[in-house]
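Take a walk through the fold below.

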Amino acid sequence: MNEVTAELDALVGEGKTPTGFEQIDMNFNLRMRAYIGICMPSMFAHMERRFSMMQLRRDGIAPVLFYVDFHNTNAPLAFARSLLTNHELKLRRSAGERGDRLILDSLTRIRGRRQGGGRDSLGYDPDADELVEAGSAHVLHVLTRPAAPPVERRVVAVPEALQGLREHAWTGDMPNIDSVLAVPEGYVEATGGPDCDRDDIWGLPNTDINQHVNVLEYLMGMENQTSRLLNAASLSLTAHRISRCRVLFRKPFFPGQRFILQARLFCNGDQTFVRGGFYGLDGAGQPEARPHVAASITGELVGAGA
């Protein structure tokens with residue numbers, strides 16, 4: 001049986017991408033906004049080789065992000081050395097009150113060469129040989145028909161393009177708004193949160209081919225909002241390290257829609273937790289009851305200046 005027809009329990013593979021300016025910060029750690037570009041291209045290229053993602057799109061179906069959970073280590077990474085990724089993707093069916101949905105459930109682990117030249121080396125690092133864990137990404141894509149009327153968007157039957165990828169039942173609870181925004185025990189809200197809320201409007205540059213606002217806009221928005229909240233609480237911006245970012249995408253935004261990003265900072269000693277939501281605004285400028293996108297960022301204050 002050849003590769004095209006053999007049934008797979010999971011799609012398992014690896015990839016490689018060089019570290020660049022858009023991926024690592026001044027402390028040589030990965031930025032949360034870089035995870036999509038590091039993890040997704042090699043995995044979907046593998047999907048295209050094994051199946052046919054273009055046929056999926058030809059049939060009007062697209063894998064749309066539903067949830068991401070990024071973990072970041074504190075290992076500084078060498079510049080211009082390849083990041084190595086290992087991915088495992090399974091097709092799952094989740095049965096809920098609103099009906100079944102098909103999900104691409106993936107876990108990607110990221111490794112890289114440890115930076116050894118110091119911050120002032122400007123990336124020059126000839127002896128970076130030690131391979132270290134850099135981070136991981138748990139990502140859920142829901143199969144949907146983005147351009148179809150709302151009642152026709154749900155994909156229930158396994159598409160022809162994905163025949164041969166074994167279906168697994170989803171076990172346990174699905175991520176939801178409450179689980180993403182739950183403040184860990186022992187954390188106390190910092191001051192200055194409401195002063196950092198931002199209202200804005202989405203435009204065409206914020207979108208992608210799935211016909212709505214791209215995931216990176218929310219990741220960058222939450223990273224930037226975290227900096228505003230830290231500053232409002234008189235905490236060091238250069239000593240703060242983000243260790244985890246979770247985002248749940250409940251409802252897409254489109255160009256011309258106004259929104260407000262409301263977020264709050266909670267602290268437990270040097271540990272931080274930011275919970276936030278991107279809320280649509282009604283005609284009177286009031287936020288909707290539930291966020292379109294919910295997100296949380298976990299971090300810590302480390303080193304001098306904390």
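Where is the place of G277? G277 lies in strand 11, residues 271–280. Helices (H or I, at least four residues) and strands (E, at least two) are DSSP runs, numbered from the N terminus. This is a predicted model: local features need pLDDT of at least 70, side-chain atom pairs count only at pLDDT 80 or more, and totals for chains, interfaces and linings use all residues. Residues are numbered from 1 along each chain as its sequence is written, and side-chain values use heavy atoms, with hydrogens and water left out.

Is G277 buried or exposed? Its relative accessibility is 1%, so G277 counts as buried. Buried means under 20% relative accessible area, exposed over 50%, and partly exposed in between (1.4 Å probe, protein chains only). Leaving aside neighbours within four places in sequence, G277 is in contact (heavy atoms within 4.5 Å) with I260, L261, Q262, P291, V293 and A294. S236 is 41 residues from G277 along the chain, and their C-alpha atoms are separated by 24 Å.

Now follow the strand pairing. Two strands pair if DSSP finds at least two bridges between them. Strand 11 and strand 12 pair in the antiparallel sense over eight bridges. Here V274 stands opposite I297 in strand 12. Strand 9 also pairs with strand 12 in the antiparallel sense, over nine bridges. L248 has A294 of strand 12 as its bridge partner.

Turn to the aromatic rings. Rings of Phe, Tyr and Trp (its six-membered ring) pair if their centres lie within 6.5 Å; planes under 30 degrees apart count as stacked, over 60 as edge-to-face and the rest as tilted. The count comes to 10 aromatic pairs. In one of them, the rings of W202 and F253 have centres 5.8 Å apart and planes at 45 degrees, so the pair is tilted. The two residues are 51 apart and link distant parts of the chain. W202 is in the loop between strand 8 (198–201) and helix 4 (215–232). F253 is in the loop between strand 9 (240–249) and strand 10 (258–268). W202 is buried at 6% relative accessible area, and F253 is buried at 0%.

A charge sits over a ring if NZ of Lys or CZ of Arg is within 6 Å of the ring centre and within 35 degrees of the ring normal. The charged end of R50 sits over the ring of F51, 4.9 Å from its centre. That of R101 sits over the ring of F66, 4.8 Å from its centre.

Next, the nonpolar cores. A nonpolar core is a set of buried Ala, Val, Leu, Ile, Met, Phe, Trp, Tyr and Cys residues joined through side-chain atoms within 4.5 Å. The largest has 64 residues, and L30, M47, F70, L143 and F278 have the most contacts inside it. Helix 1 gives the most to this core, with eight residues. A second, separate core of 12 residues includes F66, V180, L181 and A294.

Finish on helix 1. Among its buried residues are Y35, F44, M47 and R50. S42 is found in helix 1 and is buried, with a relative accessible area of 18%. Not counting residues up to four places away in sequence, S42 touches G15, T85 and H87.
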